Amino acid sequence: MSVLVVLEQRSGKWNAMSFEALAAGKRIAEAAGELQINAAVLGSSVDALASEAARYSIQKVFTLDHPLLAQYTADAYTAALEQMIRSEKPKIVLFPHTYQVRDYAPKLSTRFGNVLVSDVVDIKNEGGHTVYVRQLFQGKLNVDVRAAGEPQFLSVQAGAFRAAKQGSGQAGIEKFAVRLEETQIRSKPEEPFREAQRSVDLAAADIIVSVGRGIKEKDNLPIVEELARVLGAELAASRPICDNGWLPMERQVGSSGQTVSPKVYFAVGISGAIQHLVGMKGSKTVVAINKDETAPIFETADYGAVGDLFEIVPALVEEIKKTKA
Amino acid sequence: MKIIVSVKQVPARDSTLRVNSEGTWLEESELSYEMNEPDAYALEEALQLRDKLGGEVVVICAGPQGATQTIREALAKGADRAIHVSFEEPAARDALATARLLAEAMRPESPEMILTGLQSDDLGYGQTGVILAELLGYSHATIVMEVEPQANNMVRVKRELEDGWFQNIVLPLPVVLTIQSGIKKLRYATLMGIKKAKTKEVKTISPAAREAHATEAARMERIYPPQRAKQTQILTGNPKDMAHQLVEKLRFEARVI
Ligand SMILES: Cc1cc2nc3c(=O)[nH]c(=O)nc-3n(C[C@H](O)[C@H](O)[C@H](O)COP(=O)(O)OP(=O)(O)OC[C@H]3O[C@@H](n4cnc5c(N)ncnc54)[C@H](O)[C@@H]3O)c2cc1C
Ligand SMILES: Nc1ncnc2c1ncn2[C@@H]1O[C@H](COP(=O)(O)O)[C@@H](O)[C@H]1O
């Protein structure tokens with residue numbers, strides 16, 4: 001019996017979340033006692049990556065090495081892992097909850113008539129059985145989920161488990177012979193790209209004032225712009241503000257925007273969904289201004305002001321002006 | 001082109017989320033509802049594609065009777081007709097069970113394109129579209145920001161990757177695309193649209209109870225507010241007091257301004 005952790009790489013570089021999934025896998029394996037923990041690496045010419053993975057005190061690393069896995073496609077990844085899972089029969093298959101995993105893991109689990117328990121933040125034992133904790137309503141509530149069937153498919157949320165460290169171990173490396181035909185792959189991916197050069201580099205900012213949907217209307221933006229001005233800060237935003245075109249996309253912070261780590265990050269009217277948090281939780285100090293005391297952002301904040309931003313932000317501007325005078 | 005858009009009705013963002021006494025879902029009496037945000041963008045994309053290429057936009061929604069409010073809204077914005085897969089307790093199910101119901105309702109329609117939102121705001125599985133593609137044997141792409149139909153039954157889409165990266169991929173029809181918010185500017189329903197919606201066809205499908213309660217692979221056992229682990233210093237007083245304390249703390253405690 002085993003836990004299989006599917007590690008993620010692109011162009012020979014790990015997605016660091018892979019090792020958080022590995023940590024979650026170890027936790028399950030240790031709690032269950034008799035479970036082995038193995039890892040899988042998919043791609044083309046992945047031997048070097050496999051040797052690195054072998055040092056993470058696990059039992060075995062499987063390589064799924066094939067020219068048709070060189071570039072990610074949902075069809076090829078699903079087919080390759082399906083073959084391997086049918087042959088190795090792990091009890092649990094674990095993924096990091098990355099954009100790539102979102103793209104194929106639900107397809108894979110459907111092939112086994114099972115469902116992916118996605119974006120898991122914790123693993124607990126409740127009355128003798130394992131439950132997986134997920135978030136509902138973008139982190140406002142939690143739910144304990146009990147999974148049935150075998151194998152169980154899980155993906156773990158970014159930052160929920162502390163990444164496993166390389167040990168001195170030397171796991172065995174086993175090549176799994178994948179059979180793939182070009183005709184199985186329906187999509188033709190082109191090279192990934194970034195949009196044209198950004199005109200603002202939020203990563204270099206010492207102070208960031210970030211605004212969320214709590215601002216309500218575009219016409220209210222001057223309120224936070226004034227705060228940014230008196231602080232000498234860059235202005236940033238959560239996704240809905242950029243979706244609405246109120247601020248340019250390049251000012252979006254989060255999993256699909258920029259990752260920032262300023263000395264101070266002011267989250268103004270931002271709820272604190274995980275896709276926002278991953279972009280700013282490296283900030284030295286986080287200040288949250290939100291009228292909802294249960295908003296998830298307060299879990300990440302060092303200082304919290306619960307109340308109406310339309311009252312608090314202008315008061316803050318006055319206060320800062322006073323100290324600067 | 002025939003496009004089906006799956007729209008879900010979810011508790012509105014600003015409603016009070018109070019867990020019911022059994023810990024199985026929310027106190028429904030305290031909820032108001034709205035269309036899941038990315039689904040509104042999926043609908044917008046479908047309407048624009050139809051207006052450009054011709055064809056038909058059909059919306060499908062699985063949920064209780066009250067979900068007809070969201071169906072009407074989609075029709076008022078311009079969808080041509082709707083399918084309502086009617087069942088109670090949508091909260092109790094997993095993504096596979098929901099996708100099976102939706103897939104069965106969609107199959108006889110044989111759409112060339114199915115658009116879903118990339119994630120629901122309430123359950124947040126982020127899976128229904130991908131499962132639908134697998135159940136129906138369609139190709140798929142997720143987190144889509146642009147849709148560009150091409151000649152010979154292909155479509156080119158721009159996908160969002162992490163950290164500000166993007167990727168174009170080309171796929172054959174029929175296809176399922178999960179749409180990211182922000183793809184296009186949303187339209188509002190016009191008065192005319194609202195009036196017209198009343199005359200549009202809404203087909204109701206009631207899956208047999210047995211089917212609707214098909215074995216769930218993952219069961220929600222208990223819902224509860226998360227335990228806060230971190231000690232956040234909560235400032236108190238009126239806005240002026242809070243502002244004063246905050247500036248003091250940032251200057252002398254955190255020493256960041
Ligand atoms: C694949 C994927 C990628 C994503 N990428 C990103 C990303 O890169 N960046 C990102 O930000 N999001 C991203 N999102 C979206 C994310 O899940 C959230 O929907 C988004 O971050 C919510 O933005 P918000 O906090 O501004 O809005 P909301 O969640 O609507 O929160 C608004 C907040 O304002 C508060 N508020 C309202 N009025 C006031 C007032 N008068 N005074 C004070 N507070 C008030 C409310 O209490 C609430 O907490 C992504 C989602 C997915 C699925
Ligand atoms: N009950 C439902 N009715 C219609 N569409 C749904 C339903 N549940 C999920 N969807 C669609 O699937 C998408 C992803 O949902 P989820 O997998 O729950 O995150 C949503 O954005 C909707 O487009």
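This is a predicted model: local features need pLDDT of at least 70, side-chain atom pairs count only at pLDDT 80 or more; totals for chains, interfaces and linings use all residues.
1. Cavities overall. Seven cavities of 30 Å³ or more are found when the whole structure is searched.

2. Lining of the largest cavity. In total, 29 residues line the largest cavity, and those nearest its centre are K8(B), T98(B), L102(B), S120(B) and T128(B). Several elements of chain B supply at least two lining residues each: the strands β4 (56-63), β6 (113-117) and β7 (139-150), and the helices α3 (95-106) and α4 (128-136). By class, the lining of the largest cavity comprises 12 nonpolar, 13 polar and four charged residues.

3. Second largest cavity. In chain A, the elements β7 (116-120), β9 (129-136) and α7 (274-277) each contribute at least two residues to the lining of the second largest cavity. The greatest contribution to this lining, three residues, is that of β9(A). The lining of the second largest cavity divides into five nonpolar, eight polar and four charged residues.

4. Second largest pocket. The second largest pocket holds about 1200 Å³ of space. Its lining counts 47 residues, and E8(A), R10(A), N15(A), E162(B) and D163(B) lie nearest its centre. Two or more lining residues come from each of β2 (9-10), β3 (13-14), α1 (17-32), α2 (47-53), α4 (99-111) and α7 of chain A, and also from β9 (165-172) of chain B. Helix α4(A) provides the largest share of this lining, three residues. The classes represented in the lining of the second largest pocket are 17 nonpolar, 19 polar and 11 charged residues.

5. A stacked pair in chain A. Over all chains, the search finds nine aromatic pairs. One of them joins F19(A) and Y56(A): the ring centres are 4.5 Å apart and the planes stand at 15 degrees, so the pair is stacked, planes under 30 degrees apart being the criterion. The two residues are 37 apart in the chain and link distant parts of it, F19(A) lying in helix α1 and Y56(A) in the loop between α2 and β5 (60-65). Both partners are buried: F19(A) has 8% relative accessibility, and Y56(A) has 11%.

6. Charges over rings. In chain A, R86(A) is positioned over the face of F112(A), 4.2 Å from the ring centre. In chain B, the ring of Y224(B) has the charged end of R222(B) over it, 4.2 Å from its centre.

Technical notes. Residues are numbered from 1 along each chain as its sequence is written. Chains are lettered from A and ligands numbered from 1 in the order in which they are written. Side-chain values use heavy atoms; hydrogens and water are left out. On a 1 Å grid over the protein atoms alone, a cavity is a set of points where a 1.4 Å probe fits but cannot get out, and a pocket is an open set with protein on both sides within 12 Å along at least five of seven lines; lining residues have an atom within 4 Å of a point. Grid points are joined across faces, edges and corners, and a volume is the space filled by probe spheres set on the points. Helices (H or I, at least four residues) and strands (E, at least two) are DSSP runs, numbered from the N terminus. Ala, Val, Leu, Ile, Met, Phe, Trp, Tyr, Cys and Pro count as nonpolar, Asp, Glu, Lys and Arg as charged, and the others, Gly among them, as polar. Rings of Phe, Tyr and Trp (its six-membered ring) pair if their centres lie within 6.5 Å; planes under 30 degrees apart count as stacked, over 60 as edge-to-face and the rest as tilted. Buried means under 20% relative accessible area, exposed over 50%, partly exposed in between (1.4 Å probe, protein chains only). A charge sits over a ring if NZ of Lys or CZ of Arg is within 6 Å of the ring centre and within 35 degrees of the ring normal.
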